[in-house]
Amino acid sequence: VSMVMNFGIIPSISFTLLLLYPFYLYFSNGQSFRNVTLVPMVTVFTSYLTLLHYGSLFRSTSIFLFFSIYAMIIKRYTEQSLD
């Protein structure tokens, strides 16, 4: 709610969709992709909920760790797409 109040509804929705993109990839792809990305996906989900709850998702250290794990899922998706 504070992100909507600080940034507005359009940037908040687009940023939230960007954060939830790995979940879309996870549920829209086949079982082989799900098996490969299960651990990073659980980590992203847990970190997203925890950091959102504590309000620290957008602090510099937390967002760096979050996007590092986020990048693992995107990397595995592109590797599997190229194969």
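**View 1. A pair of residues within helix α6.** In this predicted model, E79 and K75 both belong to helix α6, where they stand four residues apart, about one turn of the helix. The two residues form a salt bridge, in which the closest N and O atoms are 3.3 Å apart. A search of the whole structure finds one salt bridge. With a relative accessibility of 38%, E79 counts as partly exposed, because that value falls between the 20% limit for buried residues and the 50% limit for exposed ones.

**View 2. The two faces of helix α3.** Helix α3 spans residues 21–28, and its buried residues are P22, F23, L25 and Y26. These residues lie on the same side of α3, because they cover an arc of only 160° around the axis. On the face turned away from this buried side, α3 carries the exposed residues Y24 and F27.

**View 3. The largest nonpolar core.** Twelve residues make up the largest nonpolar core, namely L19, F23, L25, Y26, F33, M41, V44, Y48, I63, F66, Y70 and I73. Two or more residues of this core come from each of the elements α3, α5 (38–54) and α6 (60–82), and it is α6 that gives the most, with four residues. In soluble globular proteins, nonpolar side chains tend to be buried together.

**View 4. The surroundings of Y26.** Y26, one of the buried residues of helix α3, is also a member of the largest nonpolar core. When residues up to four places away in sequence are not counted, Y26 touches F33, R34, T37, L38 and M41.

**View 5. A nonpolar patch on the surface.** V4, I9, I10, I13 and L17 form a nonpolar patch on the surface, and together they have about 490 Å² of accessible area. Helix α2, which covers residues 9–19, supplies the largest share of this patch, with four residues. L17 has its place in helix α2 and counts as exposed, because its relative accessibility is 55% and the exposed class begins over 50%.

**View 6. The chain as a whole.** The secondary structure of the chain comes to six helices and zero strands. Of its 83 residues, 27% count as buried, while the chain exposes about 5800 Å², of which carbon and sulfur atoms supply 69%. Among the contacts in the chain with a separation of 6 or more, 58% are between residues 24 or more positions apart.

Technical notes
Residues numbered from 1 in each chain as written. Predicted model: local features only at pLDDT ≥ 70, side-chain atom pairs only at ≥ 80, totals over all residues. Heavy atoms only, no water. Buried < 20%, exposed > 50% of the residue type's maximum accessible area, 1.4 Å probe, protein only. Arc of directions from axis to C-beta. Patch = residues over 30% accessible without salt bridge, like charges linked within 9 Å, V, L, I, M, F, W, Y side chains within 5 Å. Areas by Shrake-Rupley, 256 points an atom, 1.4 Å probe, with all protein chains shown as cover. Salt bridge = Lys/Arg side-chain N within 4 Å of Asp/Glu carboxyl O. Core = buried A, V, L, I, M, F, W, Y, C linked by side-chain atoms within 4.5 Å. Contact = heavy atoms within 4.5 Å.
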